[in-house]
Each structure stands twice: as structure tokens, then as C-alpha cells.
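The following exercises are to be worked with the sequence and the model in view. Each task is followed by a solution in steps.

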Amino acid sequence: MMTSVDTELMRVLADPLRLQIVNLLAHETLCTTHLVAETGAKQTNLSNHMKVLKEAGVVDTEPCGRFIYYRLKPEVIDALAGSFAELATTARQTVETGRKRAC
């Protein structure tokens, strides 16, 4: 069953730029400068999105001199994937049993 945490995480990841950032961070740890170059977003816009991702627990930060590097937290994506897998299992069982509510 989807929890409120899952729902909030889906809302956070529903933004196209944030989803693009998550995809980029899945491949390597990047700083804001890299993310601006890769996405074409303005630095202030990107920083706002990174704040949302950090507050949602999707990314960790690592200071390096005057730069902040961002790293994706795979366990968060695993948890969300697990929720979707459970949802798919439930849907499969519903289809197989023909369960439907009477009107």
C-alpha cells in the first residue's frame, strides 16, 4: 500500500527537471555547476530543485571546497520501487480473481 511518504516522493519526482537530475545523479555524483551544464537550467532554479530533493531525502550533499556535490540515495529509489512492485502484485491479483465492487 502506498504511504504518504511514497506519495510525497512521487510528487517530488514528478517534476521533469527533478526527474532529469535524479537520472543524472544515478550515473555519477555531480556538483551544481555540472547539473547546470547538463540540464540547461538557471543556477538559482537548479538550487531550488536541489533543496526540494534534499529535503525529501532523495539526495545527500558532500562539500568539496567551494562546491557542493550531490549524490543520489539509492535506498530511497529502492523503497519507492518496492511500493510500486507491491501495487503491481495487488493489481495482478485483482485481475486474476476478477474482484470488483458491486454498484
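**Exercise 1. The sheet**

Which residue is the bridge partner of C31 in β3?

Solution. The model is a predicted one, in which local features need pLDDT of at least 70 and side-chain atom pairs count only at pLDDT 80 or more, while totals for chains, interfaces and linings use all residues. Residues are numbered from 1 along each chain as its sequence is written, and side-chain values use heavy atoms, with hydrogens and water left out.

Step 1. The bridge partner of C31 in β3 is Y69.

Step 2. β1 and β3 run antiparallel and are joined by two bridges. Strands are DSSP runs of E with at least two residues, helices are runs of H or I with at least four, and both are numbered from the N terminus. Two strands are said to pair if DSSP finds at least two bridges between them.

Step 3. The open sheet has three strands in the order β1-β3-β2, with antiparallel pairing. β1 (30–31) and β2 are the edge strands, each pairing on one side only.

**Exercise 2. The hairpin**

Solution. Step 1. β2 comprises residues 59–64 and pairs with β3 in the antiparallel sense over six bridges.

Step 1. Opposite pairs can be read along the strands: T61 faces Y70, and P63 faces I68.

Step 2. Two residues lie between the strands of this hairpin, and G65 takes a positive phi near 65 degrees.

**Exercise 3. Two helices in contact**

At what angle do α2 and α3 pack, and which residues of α2 meet α3?

Solution. Step 1. The angle between α2 and α3 (residues 32–39) is about 115 degrees, and their axes are 11 Å apart. Axes are lines fitted to C-alpha atoms, for helices over the stretch in contact, and angles run from 0 to 180 degrees between N-to-C directions.

Step 1. The crossing of α2 and α3 is right-handed. A crossing has this hand if the near helix is turned clockwise from the far one by less than a right angle, and is left-handed if the turn is anticlockwise.

Step 2. From α2, the residues L17, Q20, I21, L24 and L25 meet L35, E38 and T39 of α3; contact means heavy atoms within 4.5 Å.

Step 3. Sorted by class, this contact of α2 with α3 holds five nonpolar, two polar and one charged residues. Ala, Val, Leu, Ile, Met, Phe, Trp, Tyr, Cys and Pro count as nonpolar, Asp, Glu, Lys and Arg as charged, and the others, Gly among them, as polar.

**Exercise 4. The nonpolar core**

Which members of the largest nonpolar core touch the most other members, and which element gives the most to this core?

Solution. Step 1. A nonpolar core is a set of buried Ala, Val, Leu, Ile, Met, Phe, Trp, Tyr and Cys residues joined through side-chain atoms within 4.5 Å.

Step 1. The largest core has 20 residues, of which I21, L25, L35, M50, L53, V58 and V59 touch the most other members. Two or more residues come from each of α1 (4–13), α2 (16–27), α4 (43–55), β3 (67–72) and α5 (74–97). α2 gives the most, with five residues.

Step 2. In soluble globular proteins, nonpolar side chains tend to be buried together.

Step 3. Leaving aside neighbours up to four places away in sequence, M50 touches I21, L25, L35, V59 and Y70. With the corresponding neighbours set aside, L53 is in contact with V12, L13, R18, I21, V22, V58 and V59.

How values were computed
Buried means under 20% relative accessible area, exposed over 50%, partly exposed in between (1.4 Å probe, protein chains only).
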